[in-house]
Amino acid sequence: SPGGGYRKMFCNISGDVPYTNEVIFKRWIVSSTTGSALFTNRFGRIYAKHATLGIGNGGCEFPLLRFMDKFEMKDGTAYKPGNTVDGGYDDNITKFQAQRDPRFDFNYRLHNEKIGNYAPHFEGMGKVEDATATGPFLITKYWYPLADKPNAVYGKFNYGTPSLRYADLLLIYAEAVFEATGDPDASIGGVMTARQALNLVRTRATMPDYNLATYATARIPHGELSTDHPFRLAVRNERCVELAYEAHLWFDYRRWKRSHLLDKQVWILNFTTEPKVAGVYPPVATFKSATRVALQPYLFEARHYWFPFNTTQTQIYAGFSQNPGW
């Protein structure tokens, strides 16, 4: 399950290349630097807030809410954005986090939640230096527990991204078989069905098997079409969740040609928290209120799947056409 041996694919404190038997090809940072120097000078500049851990930069990469929404509830149903009054889960910390797919907790640390033994505290959206641009979240997939300034358990800290691993192969197989046949229960060579391949990935994460009825219900519209088969949605969502932050999504969206249909708005979670209790450490993560706010829009149209050719190139001869939309 996520954690334990699962994290060894992404980081360690032994100085070795992060690896398990699941990894087939590995993208590794070739560097003679490991330990605290690697954490401070490279990792910390991507994933760690200086004000949060006393290490890293003033800013760091952060997750977007619409992507986090893809992580289901433990029972396999969809996460519901919005507040309780509207039937959503955003202002319910139990549903927002504790009742989610275990991979949610593996990928993120929230307000007052421990990284190792240290609990970063965020006061509000962009209101103090401890807050990331989109809320009380840090990406922790490549973060070895206790590797931070307060605990200083660096060993020979190292991290890297798998280029290809077994779960990816299973999802490639599931997608390919379904797209070729239109049948989740079809197989190639009688090895396993597309549904069985998908469920192998979900089972390892302690998630329930794919259920047609669950995916037949309304999902969060984010590039999906009403004509999409529920199994297609399930496989694509699983790729987002299982392979989060492993440099696959950009290529997937290009392949699926759905980026121009996405909700072209960056959303943040503006929140307040219950006051800290004096003498209690770490404080308990409790949202007092949480509201989705549109931070800024972005532009992506169908023509942006391709760059335009230089006009002078397209004028070399009449048959050299410009890319669509340019």
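The expected span of a helix is 1.5 Å times one less than its number of residues. Helices (H or I, at least four residues) and strands (E, at least two) are DSSP runs, numbered from the N terminus. Helix α9, at residues 230–242, has 13 residues and reaches 18 Å from its first C-alpha to its last, close to the 18 Å expected at 1.5 Å a residue. Twelve of those 13 residues are buried, so α9 is largely enclosed by the rest of the structure; buried means under 20% relative accessible area, with a 1.4 Å probe and protein chains only. Among the buried residues of α9 are P230, F231, R236, C240 and E242.

This is a predicted model, in which local features need pLDDT of at least 70 and side-chain atom pairs count only at pLDDT 80 or more, while totals for chains, interfaces and linings use all residues. Residues are numbered from 1 along each chain as its sequence is written, and side-chain values use heavy atoms, with hydrogens and water left out.

Turning to the whole protein, there are eleven helices and seven strands, and 48% of the 326 residues are buried. Of the contacts (heavy atoms within 4.5 Å) with a separation of 6 or more, 66% join residues 24 or more positions apart.

Confidence is given by pLDDT, the predictor's score for each residue from 0 to 100. Its mean for the protein is 82, and 79% of residues reach 70 or more. Helix α6 (residues 166–181) has the highest mean, 97, and helix α2 (residues 50–53) the lowest, 52. Over residues 123–134, pLDDT stays under 50. Where pLDDT is low, the predicted coordinates should not be read in detail.

Notes
Buried < 20%, exposed > 50% of the residue type's maximum accessible area, 1.4 Å probe, protein only.
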